[in-house]
Amino acid sequence: MKVYLARNGLADHDFFDAVEAEAEVLQEMARRRLEGESVRALAADLNARGITSSEGNQWQSGRLSHTLRSPFHAGLRVHTTTDADGVKNTTVTQGTWPAVF
C-alpha cells in the first residue's frame, strides 16, 4: 500500500481526493506521534508492514516527519511570493482538497 492523496482527474492541480485507506494510515501515524512515539519507530513500523511512500520508497524518519507536519495534509494551501524589495509574503488559505488530519 502506498500513502498519498490521489488526483481526482481534474486539470486544476488543487483538486485531490483522499484515499481513505492511506488517510487512515497517516491519521494513525499522527495519533501515535502525538502520544509520544518516535518518528523513527513509526517509520520502522510502516516499513515492517510493507507500507511505502507515494514514491514507492521505504519510509525514512525525515520524510515521515515532513509528511506529518505538512500543511497540505491539513487541507491548507501555502503560497509564498517575494515583492520587489525582496520581502517574502506568505498566505495560508483553505485548500480545495480534504484534510487528512
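This is a predicted model: local features need pLDDT of at least 70, side-chain atom pairs count only at pLDDT 80 or more; totals for chains, interfaces and linings use all residues.

Mentor: Let's get our bearings before we zoom in. The protein chain holds 3 helices and 4 strands, and from the N terminus on its elements run β-β-α-α-α-β-β. Among contacts between residues at least 6 apart in sequence, 40% join residues at least 24 apart.

Now for the part you asked about. Helix 1 and helix 2 pack at an angle of about 150°, and their axes are 10 Å apart. An angle over 145 degrees counts as roughly antiparallel, and helix 1 and helix 2 are therefore roughly antiparallel to each other. Their crossing is right-handed. Where do the two helices meet? Helix 1 brings Val25, Glu28, Met29, Arg32 and Arg33, while helix 2 brings Val39, Leu42, Asp45 and Leu46. Sorted by class, this contact has 5 nonpolar, no polar and 4 charged residues.

Those charged residues lead us to the salt bridges. Side chains of opposite charge can pair when their charged atoms come close. For a salt bridge here, the nitrogen and the oxygen must lie within 4 Å, and by that rule the count comes to 7 salt bridges.

Let's follow arginine 32. With a relative accessibility of 13%, arginine 32 counts as buried, because the cut-off for buried is under 20%. One of its partners is aspartate 45, and the closest N and O atoms of this salt bridge are 2.8 Å apart. Aspartate 45 sits in helix 2 (residues 39-48) and arginine 32 in helix 1 (residues 20-34), so this pair ties together parts that are 13 residues apart in sequence. Aspartate 45 itself is partly exposed, its relative accessible area being 21%. Glutamate 37 has 27% relative accessibility and counts as partly exposed.

It is worth looking at the neighbour in sequence too. Arginine 31 forms a salt bridge with glutamate 35, and here the closest N and O atoms are 3.2 Å apart. Arginine 31 is partly exposed, with a relative accessible area of 43%, whereas glutamate 35, at 58% relative accessibility, counts as exposed.

Let me finish with a residue that takes us back to the rest of the chain. Is histidine 73 buried or exposed? Histidine 73 is buried, with a relative accessible area of 11%. You will find histidine 73 in the loop between helix 3 (61-69) and strand 3 (76-82). Leaving aside residues up to four places away in sequence, histidine 73 touches Leu26, Thr67, Ala99, Val100 and Phe101. Threonine 96 is partly exposed, at a relative accessible area of 46%. Threonine 96 and leucine 76 are 20 residues apart in sequence and 8.3 Å apart in space, C-alpha to C-alpha.

Methods. Residues are numbered from 1 along each chain as its sequence is written. Side-chain values use heavy atoms; hydrogens and water are left out. Buried means under 20% relative accessible area, exposed over 50%, partly exposed in between (1.4 Å probe, protein chains only). A salt bridge is a side-chain nitrogen of Lys or Arg within 4 Å of a carboxyl oxygen of Asp or Glu. Axes are lines fitted to C-alpha atoms, for helices over the stretch in contact, and angles run from 0 to 180 degrees between N-to-C directions. Angles under 35 degrees count as roughly parallel, over 145 as roughly antiparallel, 65 to 115 as roughly perpendicular and the rest as oblique. A crossing is left-handed if the near helix is turned anticlockwise from the far one by less than a right angle, and right-handed if clockwise. Contact means heavy atoms within 4.5 Å. Ala, Val, Leu, Ile, Met, Phe, Trp, Tyr, Cys and Pro count as nonpolar, Asp, Glu, Lys and Arg as charged, and the others, Gly among them, as polar.
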